Structure formats: structure tokens, C-alpha cells
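Biologist: Could you take me through this structure? I would like to begin with the aromatic residues and then turn to the helix packing.

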Amino acid sequence: MSTSSSGARPETLSNPGIPFAEFVVMIAALMALNALALDVMLPALPDIGASLNILEENDRQQVLIAYLIGFGGAQIFFGPVTDAYGRRSVLLGGLFLYAGASVFSLFSETLDQLLLARVLQGVGCAATRVIAISVVRDCYSGRQMGRVMSLVMMIFMAVPIIAPSIGQAILLVADWRWIFTMLLFSGVVMLFWCAIRLRETLAPEDRRPMNVPAIASAYWTTVRLRESFGYTLATTFVFGGLFAFITMSQQIFVGIYGLGVWFPAVFAAIAIAMSVSSYLNARLVERIGMRRLSHGAILIFTALGVILYALASAGIEHFWTFTLISGLLMACFGFIGANFNAMAMEPLGEIAGTASSVIGFITTLGGAILGYMMGQLFNGTTQYLGLAFALYGLGALASIIYAERGRMFNAQNRT
């Protein structure tokens, strides 16, 4: 992987201590642990349910939601902690917890034990997410940071596409517990790789003391500013739709459409739509603007939800129609997620680390709760998934109107 068209290494603020290409792959792998721990479980939910005597089919969704609760809930703490104590030690601690929770999951004998293990696994992975972004911010700035994150996302986006196939491949030769063996192996590899190769990137003089009033003030600022809070809420609603899709996807594609082992292939095709739109967003955002792209996408997102709900309510459950609408919905997400997050962070430059933790906490935890609420209503049709996209899309639109004081698309000609 070349570092630039001229072969020159990007200028760094703090030397990560490893070659640029290795640094990019390491950061991408750290962020990918989250997508891997979530999406790899999808094909295994029926086997987990049978093994742990989960009587209600919808209760299997808790295996996914428990992880998201740990992942979302812990982010609010890791921002201030890593700013006070450095990146490396907190990162290694998070990876150790991720690996340890994988062992706990591996030997769980009841649903309650597995759910606790999944919460802990999510907490450990929250550290990798927060610190990976913080390390990039320590080492690069401006367009260089944007370039690093673009390369990271190119690698990262491959994981949601292939993760269900990895889970299905494991199930073809072993039982579901070997999926957690694979997650354990992934966590241990990243633990040793980071311990050996990644140096501390936050200098002692740049660390902030754990000042509770200052942290509380930064938290309050994040939710007090109209633009930040509005786009945070909008992202939460969109995540609610995304997580509803993830929690119901196995039941829909296998239970309704009978795909069996072909489910991961269709899931991958839908995930590719999100990857392509994310790439297009990166190419178009400077020319068209974040607001025009994301506001248009959320309108389409909501309309598609209404169409899906109407079709399901009319008893029209065609595989190709549902797959096409799902792909279009995920494509909309590619134009929404990054832009909404950027606009939420726009007025928070002086408290970016803590603000990122607060926004990650609200959007992930809130989205998980919204997704779980709708997932529990699953009734053997796609009706409630359509309702989730429609209602949560309307919620996102209301949040945008609040953030922009009634304007959309070109608010004050800013972005």
C-alpha cells in the first residue's frame, strides 16, 4: 500500500512508531473487532437458541443487543479515561477484556451467562473504538487525518460484508461455540500486536486530569448545543432502523424466505450497497455538501420504510422486492451516517474527544434500544421492519428540523 501518489510519508504529529501501512491496517483491524463480534453471530442465532433452550425466537435477538448495550454504554467513559491515562494501557486493557469475555461466552451454559459475557465483550470493544480514533487524531491532523480514516474505512467496510459468511463457514464444520473461539483468537492477536508494535501516542504533557466538573461541563455542552444534539438524535433514530434490520435479518431471510446457508451471501450483497454509497459520499460531499446529501438520503430512507410497511401490510412478501428495498435503505445509510456525525461534531472542536464519546454513547445505546423494541415485535412478516424505518426516519427528520431551526438542505449555505 503506497502512502501517497508521490510515495512520501504523511507528516505526523506524534510518531506511532510503526510504518504507515501497518498503522492503517492496525487501526482498521481494531475498529473491525466491533463489526466482527456483531455480524458474525447472525447465522448462529438458531443454534444458540436451541443449545441454550431459548423458547421465544425473538429472544435470540438479545445476543446481539446485549453486545450493543455494552459497546454503546461504555464509550462515554473511555474518552475521559484515555485522555487522562494515555492510549496504550487503556487499549490493552480493553483488548484483554474483549478476549476474556470471549472465553466467558465460550463456556456459557445459560442465556443469562451469555448475555453478561456479551455485555462485557461490548465494553472491551468500546475501548478499541474510542482509542483507535484517538490514536489517529494524535498522529495526524486535517486532510492527512481524513486520508488515514478513508483508508481505514476502506478496509473496515469489508468486515460487515464477510462476517456472516465467516460465521456460516464455522457452523458448517463446528458448533456455535467455535465462533467465540475465533473472536478470542482475534482479540488475542490484536492484544499482542498492539502490545509489541504500538507505542504510546499521547504525550504526558498533553494528558488531562480526571476533573469531574470539566468532564460534566463537556458532556453538558454536547447535549446543550442545538445542532449537535439534533444531529445526535437524528443519528440515533437512523441507528434504530439499522439495528432493527440487523436483529431481524436472520429471521426474515431464513424464516420467511428460506435462504438457509445462502443468507450470508444476500446479507453481503446488501452490505456492499452501503460500502458503495459510503465511497460515493466521500467523493461527492465536498462538491454537493453534507446537508444536501444527507437530508435527501433521509427523505428517501423514510419513504422506503413507508413502502416496505405498505407492501408487508398488503401481504406482498416477495424476496426480490424486499432485498432491493433493503439494499436501497443501506445505500441511504452510507450518505447519512458519516455526515450526521460530522455535523454533530462541527461545533465541538475544543472538546472533540469527550464529545465523540458522548455522541457514540447516545447513538449506539439509543439505537440499540430502538432496534430491540421493534425487533421484539417481529411477527413472521417484514411489516415491523418497514414500520421501524418509517417511524425512525420521521424521528430523524424531526430532529434535523430542530437542529436547523426549520431549514433543510442548504442551511445558511454552510455545508
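**Aromatic contacts and helix packing**

Modeller: In this predicted model, Tyr257 and Phe322 are both buried.

Biologist: What is the relative accessibility of Tyr257?

Modeller: The value for Tyr257 is 15%, and the residue counts as buried because the limit is under 20%.

Biologist: How many aromatic pairs are there?

Modeller: The count comes to 16 aromatic pairs, with ring centres within 6.5 Å as the criterion. One of them joins Tyr257 and Phe319, whose ring centres are 5.6 Å apart. The planes of Tyr257 and Phe319 stand at 70 degrees, so the pair is edge-to-face.

Biologist: Where do Tyr257 and Phe319 lie in the chain?

Modeller: Tyr257 is in the loop between α10 and α11, while Phe319 belongs to helix α13, which covers residues 319-345. The two are 62 residues apart, and the pair links distant parts of the chain.

Biologist: And what is the geometry of the pair formed by Tyr257 and Phe322?

Modeller: That aromatic pair is tilted, with 5.8 Å from centre to centre and 35 degrees between the planes. Phe322 lies in helix α13 and Tyr257 in the loop between α10 and α11, so this pair ties together parts that are 65 residues apart in sequence.

Biologist: Which residues form the aromatic cluster?

Modeller: One aromatic cluster is formed by Phe245, Phe253, Tyr257, Phe263, Phe267, Phe319, Trp320 and Phe322.

Biologist: Now to the helices. At what angle do α10 and α12 pack?

Modeller: Helix α10 (residues 226-256) and helix α12 (residues 290-313) pack at about 40 degrees, and their axes are 12 Å apart. That angle makes α10 oblique to α12.

Biologist: Is that crossing left-handed or right-handed?

Modeller: The crossing of α10 and α12 is left-handed.

Biologist: Which residues meet there?

Modeller: From α10, Glu227, Tyr231 and Val238 take part, and they meet Arg291, His295, Ile298 and Phe301 of α12. By class, this contact of α10 with α12 has four nonpolar residues, one polar and two charged.

Biologist: What about α1 and α7, how do they pack?

Modeller: The angle between α1 and helix α7 (residues 158-173) is about 40 degrees, and the axes are 8 Å apart. This makes α1 oblique to α7. Here α1 passes α7 in a right-handed crossing.

Biologist: Which residues make the contact?

Modeller: On the α1 side they are Ala32, Ala35, Leu36 and Asp39, and on the α7 side Val159, Pro160, Ala163, Pro164 and Ile166. The contact of α1 with α7 has eight nonpolar residues, no polar ones and one charged.

Biologist: Changing topic to the backbone: which non-glycine residues have a positive phi?

Modeller: Most residues other than glycine have a negative phi. Asn53, although not a glycine, has a positive phi of about 60 degrees. Arg405 is likewise not a glycine and has a positive phi of about 55 degrees.

Biologist: Where are Asn53 and Arg405 located?

Modeller: Asn53 is in the loop between α2 and α3, and Arg405 lies in the segment after α15.

Biologist: Are Asn53 and Arg405 buried or exposed?

Modeller: Asn53 counts as exposed at 61% relative accessibility. Arg405 is exposed too, with a relative accessible area of 57%.

Biologist: A few distances, please. How far apart are Ile288 and Phe409?

Modeller: Their C-alpha atoms are 10 Å apart in space, and the two residues are 121 residues apart in sequence. Ile288 sits in helix α11 and counts as partly exposed at 35% relative accessibility.

Biologist: And what separates Asn15 from Leu202?

Modeller: Asn15 and Leu202 are 187 residues apart along the chain, and their C-alpha atoms are separated by 10.0 Å. Asn15 is in the segment before α1, and its relative accessibility of 40% counts as partly exposed.

Terms used:
Residues numbered from 1 in each chain as written. Predicted model: local features only at pLDDT ≥ 70, side-chain atom pairs only at ≥ 80, totals over all residues. Heavy atoms only, no water. Axes fitted to C-alpha atoms, helices over the stretch in contact; angles between N-to-C directions. Helix = DSSP H or I, 4+ residues; strand = E, 2+ residues; numbered from the N terminus. Parallel < 35°, antiparallel > 145°, perpendicular 65-115°, else oblique. Left-handed = near helix turned anticlockwise from the far one by under 90°. Contact = heavy atoms within 4.5 Å. Nonpolar A, V, L, I, M, F, W, Y, C, P; charged D, E, K, R; others polar. Phe/Tyr/Trp six-rings, centres within 6.5 Å; stacked < 30°, edge-to-face > 60°. Buried < 20%, exposed > 50% of the residue type's maximum accessible area, 1.4 Å probe, protein only.
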